[in-house]
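Me: I'd like to learn how to read a model like this one, feature by feature. Can we go through it together?

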Amino acid sequence: MSKEKKIREKKKPLFIEAISMIVVLLALVIYSVKLDISIIPAMMIAIVWSMVVAYRCGYGWNDIMAPVYEREKGVVEVFFIILLIGAFISTMMFSGTIPVIIYYLINVISPSLMIVLSFLLTAIVSVIIGTSWGTAGTVGVIMLAIAQSMGVPLPIVAGAVASGSHVGQLCSPMADTSNVAASFADVDTMTMIKRMAYYTLPVIGIATILYAVLGFMNGSGSGDMASAQLIHQEIGSVFNTNVLVILPMVLVFILTFMKKPIVMTLGITSLLGIVFGMIFNGFSFGEGLNALYSGFTVAGSAGIAEEGFSDIFLNLCNRGGATSMVSPAIIVIVASMYGTILMEIKALDVIAETVFSKVKSRVLLSTSAVVLAGLIVSLTSSSFLAGMMPKDLFLKKFEEEGMDSMDLVSAALSASTQYLTCIPWCDTAIFLAGISGVSTLAALPYNFFGWGCSAMVIVLSIFGIGYKNGTRMFKLESQKVIE
């Protein structure tokens with residue numbers, strides 16, 4: 001007589017169980033950072049613990065893995081993009097594109113202005129093209145390389161690049177974030193950008209001043225220019241400095257501005273980089289393929305003995321390759337699995353309902369929207385979800401306090417889009433750390449726009465600046481049409 005398979009009843013985790021899943025992860029990540037080791041083992045243990053909680057809540061193996069498999073389909077593209085970033089950087093070295101850009105700019109840019117220019121140039125480009133990854137992967141890479149050649153502290157420059165490359169997410173009408181935020185708030189895009197400008201403009205101003213001060217504090221030594229001159233000579237001795245070599249980078253900007261898929265953009269320009277390296281530098285096709293995979297080296301790719309070259313030059317050139325980004329790509333997969341499990345068993349819902357259910361007042365509601373957005377981003381790497389959940393939970397309460405959907409959505413998305421650059425296991429932070437060679441936590445103190453927008457949301461809520469029950473400096477575009 002066969003026994004019928006018992007169907008376990010699924011239920012939400014207890015609050016203590018839900019919060020433990022986050023505490024375990026944070027504790028292990030902090031411990032890993034302290035030991036200066038990869039956070040991948042920490043996240044794997046956190047996944048095991050989340051599965052234990054899920055099983056106690058009635059979820060079987062298939063119940064857990066089915067949504068994980070579905071989510072990982074979308075992660076595959078991110079995984080491939082991260083590998084392509086490594087390939088792109090190495091082929092831009094192979095072609096001489098990055099070295100030649102440095103060759104021409106190194107005598108133009110003052111070391112003391114390097115940090116503030118890293119922020120301002122990436123900010124301007126991100127607003128123009130509306131793409132943070134595209135900006136960081138092009139202008140950001142160049143500014144980081146120039147800073148390294150000048151001896152300017154890389155953690156500061158990495159923070160400036162992370163900040164600047166994400167200004168467009170909140171200020172550009174071409175950015176997907178700005179348009180999605182507008183749809184969440186049921187207003188037009190420019191109206192939403194103007195609302196978020198209450199947060200973004202003061203932070204941009206403060207960040208510019210701080211980066212300028214840091215630049216003069218860290219880039220005014222005479223040794224910096226001497227080092228820059230040496231790098232200038234060494235680049236000329238290895239690479240062909242014909243200005244045409246920068247064309248692959250120009251193509252990146254064109255394709256990015258045209259909103260072509262980033263995989264296509266990186267793939268085409270990487271192959272073009274190999275061709276340019278063969279034509280202009282005389283490197284072989286085989287070494288180009290090897291550089292694409294394993295990274296560019298002066299000795300291996302160019303076939304030039306490294307003796308006699310400065311350490312700064314070698315560190316500048318010997319980089320990239322798909323294999324250099326394997327660890328960051330794995331983190332994306334592991335983090336996605338962890339976040340999917342928490343979402344599937346509704347652990348995040350339990351935390352939100354328990355912690356934020358009785359929150360009132362403008363300050364507490366705005367702060368809660370910021371905190372909840374950060375929590376969602378840390379678990380899902382999705383700024384869009386971090387805009388939807390707070391709206392579902394807080395909109396009625398915001399309206400009861402005299403605020404509207406723009407106040408709520410602008411607070412949540414101003415925070416969530418920037419948290420992506422601050423949380424080490426988020427895909428954007430992993431990407432930025434990969435191109436800079438600087439860990440997310442090392443750059444975090446200098447990522448002023450990254451955490452400054454959240455701080456500004458809270459500060460302005462205290463004074464009521466920009467809210468519906470205050471006086472806004474603009475009218476809704478729909479109102480202008482009626483008038």
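Me: Let's start with A87. Which helix is A87 in?

Reply: A87 sits in helix α3, residues 61–94. Helices here are DSSP runs of H or I with at least four residues, strands are runs of E with at least two, and both are numbered from the N terminus. Before we go on: this is a predicted model, where local features need pLDDT of at least 70 and side-chain atom pairs count only at pLDDT 80 or more, while totals for chains, interfaces and linings use all residues. Residues are numbered from 1 along each chain as its sequence is written, and side-chain values use heavy atoms, with hydrogens and water left out.

Me: Is A87 buried or exposed?

Reply: Buried means under 20% relative accessible area, exposed means over 50%, and partly exposed is in between, using a 1.4 Å probe and protein chains only. A87 has a relative accessible area of 3%, so A87 is buried.

Me: And what does A87 touch?

Reply: Contact means heavy atoms within 4.5 Å. Not counting residues up to four places away in sequence, A87 touches S270, L292, G321 and A322. As for G137, that residue is 50 residues from A87 in sequence and 12 Å away in space, C-alpha to C-alpha.

Me: How do I read a packed pair of helices?

Reply: Two packed helices are described by the angle between their axes and the distance between the axes. The axes are lines fitted to C-alpha atoms, for helices over the stretch in contact, and angles run from 0 to 180 degrees between N-to-C directions. Take α2 (residues 40–56) and α16 (residues 326–344): their axes come within 9 Å and cross at roughly 20°. Angles under 35 degrees count as roughly parallel, over 145 as roughly antiparallel, 65 to 115 as roughly perpendicular, and the rest as oblique. α2 and α16 are therefore roughly parallel to each other. The contact includes I40, M43 and M44 of α2, and S327, I330 and I331 of α16.

Me: What is the handedness of the α2 and α16 crossing?

Reply: A crossing is left-handed if the near helix is turned anticlockwise from the far one by less than a right angle, and right-handed if clockwise. The crossing of α2 and α16 is left-handed.

Me: At what angle do α18 and α20 cross?

Reply: The axes of α18 (residues 362–380) and α20 (residues 405–419) cross at roughly 40° and come within 8 Å. That makes α18 oblique to α20. Their crossing is right-handed, and the contact is made by A369, V370, A373, G374 and V377 of α18 with L408, A411, A412, A415, S416 and Y419 of α20.

Me: Which residues of α17 are buried?

Reply: In α17 (residues 347–356), the buried ones are A347, L348, V350, I351, A352 and F356. Their cover includes α1 (15–35), α16, α18 and α19 (385–400).

Me: What about phi in the loops?

Reply: D36, in the loop between α1 and α2, has phi near 60°, a positive value in a residue other than glycine. D36 is exposed, with a relative accessible area of 70%. S361 lies in the loop between α17 and α18, and its phi is near 80°, also positive in a residue other than glycine. At 28% relative accessibility, S361 counts as partly exposed.

Me: Last one: how many aromatic pairs are there?

Reply: Rings of Phe, Tyr and Trp (its six-membered ring) pair if their centres lie within 6.5 Å; planes under 30 degrees apart count as stacked, over 60 as edge-to-face and the rest as tilted. The structure holds 12 such pairs. The rings of F276 and F280 have centres 5.3 Å apart and planes at 35°, so this pair is tilted. Ring pairs also link F94, F239, F283 and F296 into a cluster.
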